[in-house]
Amino acid sequence: MNQAPSPANGLGATCATCPAYRTARLKKLGIKAGASSRVVALAGNPNTGKTTVFNALTGLHQHTGNWPGKTVARTEGAFEYEERQYKLIDLPGTYSLLAGSPDEEIARDFILFGRPDVTVVVVDASRLERNLNLALQVLEITGRVVVCLNLMDEARRHGLDVDTRCLARDLGVPVVATSARYGRGLAELVQAIDEVAQGRFVCQPGRLRTAPPELHAALATLAAKVSLALPGVPNTRWIAMRLLGGDERIAPVLTTGELGRAGQGADPEETGGKKAPRTPLPAPGHPDPGAVEEALRTADALRRDTGSTFNERLVECIYAEAARLAGRAVTRPDARHQADFDRAIDRIVTSRRWGFPIMALLFTAMFWITITGANIPSRWLSALLIDTVYPALREFGASLGWPAWLRGVTIDGMYLATAWVVSVMLPPMAIFFPLFTLLEDLGYLPRVAFNLDGLFKQAGAHGKQAMSLMMGFGCNAAGVVATRIIDSPRERLLAIITNNFSLCNGRWPTQILIASLFLGGLAPAHLAGLISAGAVMAVALLGVVLALLVSWSLSRTVLRGERSLFSLELPPYRPPRLWQTLYRSVIDRTLIVLWRAVVFALPAGAVIWLSANLAVGGTSVAEHLIRLLDGPGLLIGLNGVILLAYLVAIPANEIVIPTILIFTVLTTQTTGVGRGAGVLFELHSPAELLALLHRGGWTLLTAVNLMLFSLVHNPCSTTIYTIYRETRSAKWTSVAVFLPLALGFVITLAVACLWRLLAGG
Amino acid sequence: MLSNSPLLFWFIVVFLAGTLLWARRRRSRRREVARELAERVRREDALKHLCKCEANGIPATLASVAGILHLPADGTAELLGDMEQRGLVSFSSGELHLTPTGRASGLHIIRAHRLWESYLAGETGVEKNAWHAQAEEREHSISPAEADRLSARLGHPVRDPHGDEIPRAGGALSADPGRPLTTLAPGTAGRIVHLEDEPEIVHAQLVAEGLRLGAVVEVVENSDRRMRFWAEGDEHVLAPLLAHNVDVLPFAPDEAGRTETTLSDLKPGAQATVLGLMPDCRGQERQRLLDLGFVPGTKVASEMTSPTGEPTAYRVRDSLIALRREQARHVRVRVPAADAAPPP
């Protein structure tokens, strides 16, 4: 970091330029931004470590990953430097500001209408040419820019050297080299931000050659007209460019003359909802209607001459300028070892021969580690929460003199269900998510999307759906969130709706238990394990096939004719940082998902207990319901107990098996098993369990159909809630709920009919 | 029950009779509306045809109008008579001419049609083959103000996805560029600038043949019986009648299009220089490709292909970008002479 620039500095003392001194003056404020704070926007291409910079400055823990497009909505944080407060806005990663995709509009509107005091453009030092494209576009809008040259470590590894001084001189704005992942260069970055915000560094980005030379005259003419129409607006050239480019959103801004409020009025959410106008753009005077009309007419006439190729010429020129600047600043003293190394790995992991075997091996290993590794902590948690704390709580409740019903609802119902969910759910997630995040950080997952895209394309879907499905094997709610990396709305919707078909952690125990009890029992003892494992794998694979089939049919029916955009960038491999990965995946994914599950499990526990203990006309509510559901249940090869268990287990699939046991005990009037009506329990002896289920009328068909139904039914409430939050549409949420449910009924009914036909004939 | 309540009986009779009468009137009214609409559509289609003829300097005749509208001669004569009465056309010395009102109205329909096609191509996932038919319906229900709004939303496009000029509101139509493929001599090459979208069956056939806007064609044989030519690495044989619907802009003799190909045809490991994007790639798709760096002059290398056949990863400006085949087909590239495929 000895290359850090020293932009015009008001402090003369040596200690003031020492990084240690400056770091001491940086205070991370998390989300606590004061009312008077200055606003700093963080823009950049996807996957340039923008969010890492954001986290490093604010001390927050926004999720990052080696994936283009992790940050979707805007996030805010704050920091303090020399007792001046700054509000930091992390804008979505975009390649440009011209295409008008929702992400790009959010970013552009904020830079233009939100009027940040400083815009920090984070660029990837190892791919400067492409990243400068965005930086140059931002510089057209505002001059108050600091360029953060991030991923310097990676650039060095690739044998590149970037001359920050040369780049700063060419761009006319401060350029700071950082490696945000290792916390390097951040002090200099903050100082540069502060200097630009204070006006101590005056940016001079005027000498850039971004406009097409043959259009200079046209631009100058139009810009002159615009400045007549809007006296006092500094970025008239940018407005002229947008008018020539046919940007529909600029003309209305011109006629109202309210460059500062146009965006806010339209959508305060997206532009940050700031009320006070900011300094960079002086409030324009009243537009002269005649001059505005004249400017618009000129634009229309010029557009005829420049043709529809204006935007293309513009991008071409911006890239030419980016290439020129990068050529001056970047030297390649070292032959590109790393790039060759990356390429060699890519050749292997995407090859016809090794691509799929490597993928299969990695994922099998991941599942094996998760399933076997989770057993031990699960047992510990269960011993602690259920065998130790639960009896203690019961005694405590009794000692307080609580009535039996109160103890039943709170301790036997709510506490026990929650404890159950935690002990079954937490360990596999705490193992699966870090493993997944590790592969993600490494950069392997985009290669998986690349390998599988051909398959997903056939289904009308996006290769990245493979990732969200994979994530769904951990938890469907997390899988639905993971679809954010898909930037095409249509394909993203498909991925959200079909995520439920990947068998989540909560359903694996059911599958494994039923398969080993019923199917494993069919085979000779030494093959039993293999048969049951094979059956579970078959069900999981069926889920993937169903996800593809449903995507295929939806994309050809309901979503037919919707626009689809494909983009997949394969980022360079990055050595993952183990502790950060572990910490972040536990905080971001595991705990959040667990918290939601707990919130939903509490009432479910109460409902289970109450349904088993409240009696209407001498029989419990549960028994009434079971009798009601027995008709349809038996028709589809299940029974009333199972259907009721799925009804009350909507909050968490983990409690399906214990709920089935409670209700089976209840309906078969079995005594000596379990802890009492409506209290979750588990049987550790398979023979005993099998005997109980046989008493409940279970056959092999029931077992097979339960395995199928467990795969194909409505998502759990946590997932439903997440789907609603991600789609913001009641319509698509209900499709995601009822489509798999209906499909589940159809599949189990078909299997039952076929079974009876074969067994009968 | 009816017998012991005569009032109810009569009430029902009156109600039924009233409903029947109302329904009949409604039906006849609806039929009349449909007939009026059909007539308006026919008038507007005729105006469209007349505008195109006028712009290209081709005399419009009763027969050509009849051909476009699939109408018998007497029906066409009746229609044109009606149009003359409405002040849309005039006959002078046996020729059909547009009045200023007729011209404005025809141009608006052409503008609406081409804007709608641009919208379908750029903003939706509707298939290529369906663009024309959908636009053919929509053009009659778009008002000039709506057309202006559509144009603004699309960023004021100048050409539609078939390569035709979109007239400005209140502007004029210029002559079609290029000339029919059938006028090209064997051994010469050109670029496709227009694929006729009428009649539909012809357009569907051309699209099925794999011909598209921007493709480079090189004529091998041109006789009365057939046209043989190369386009994008494939040999095509068309009947002259069909080939007449393809308009090309011939290359100058030194402007060789032979080394031009698309990214999708790039061999694994090969390098190329981007020449531009195909004209039928529109909207956000086009902008995204540009933003990723696929602009003229950029060096691209094909790095690897997915084991499932698609996509292929290309190195462009130090990034590795995966494109599906139909996206890669949108990028025109020039391969260095040594790597170029041997001439067909």
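1. Let me start with a cysteine in chain B: Cys51(B) is buried, at 3% relative accessibility (buried means under 20% relative accessible area, exposed over 50%, partly exposed in between, with a 1.4 Å probe and protein chains only). Please keep in mind that this is a predicted model, where local features need pLDDT of at least 70, side-chain atom pairs count only at pLDDT 80 or more, and totals for chains, interfaces and linings use all residues. Residues are numbered from 1 along each chain as its sequence is written, chains are lettered from A in the order in which they are written, and side-chain values use heavy atoms, without hydrogens or water.

2. How many disulfides are there over all chains? The search of the whole structure finds zero, a disulfide being a pair of cysteine sulfur atoms within 2.5 Å. For Cys51(B), the nearest cysteine sulfur belongs to Cys53(B), 9.4 Å away.

3. Over in chain A, Cys504(A) is also in no disulfide, and the sulfur of Cys716(A), the nearest one from a cysteine, is 6.3 Å away. Cys504(A) is buried too, with a relative accessible area of 11%.
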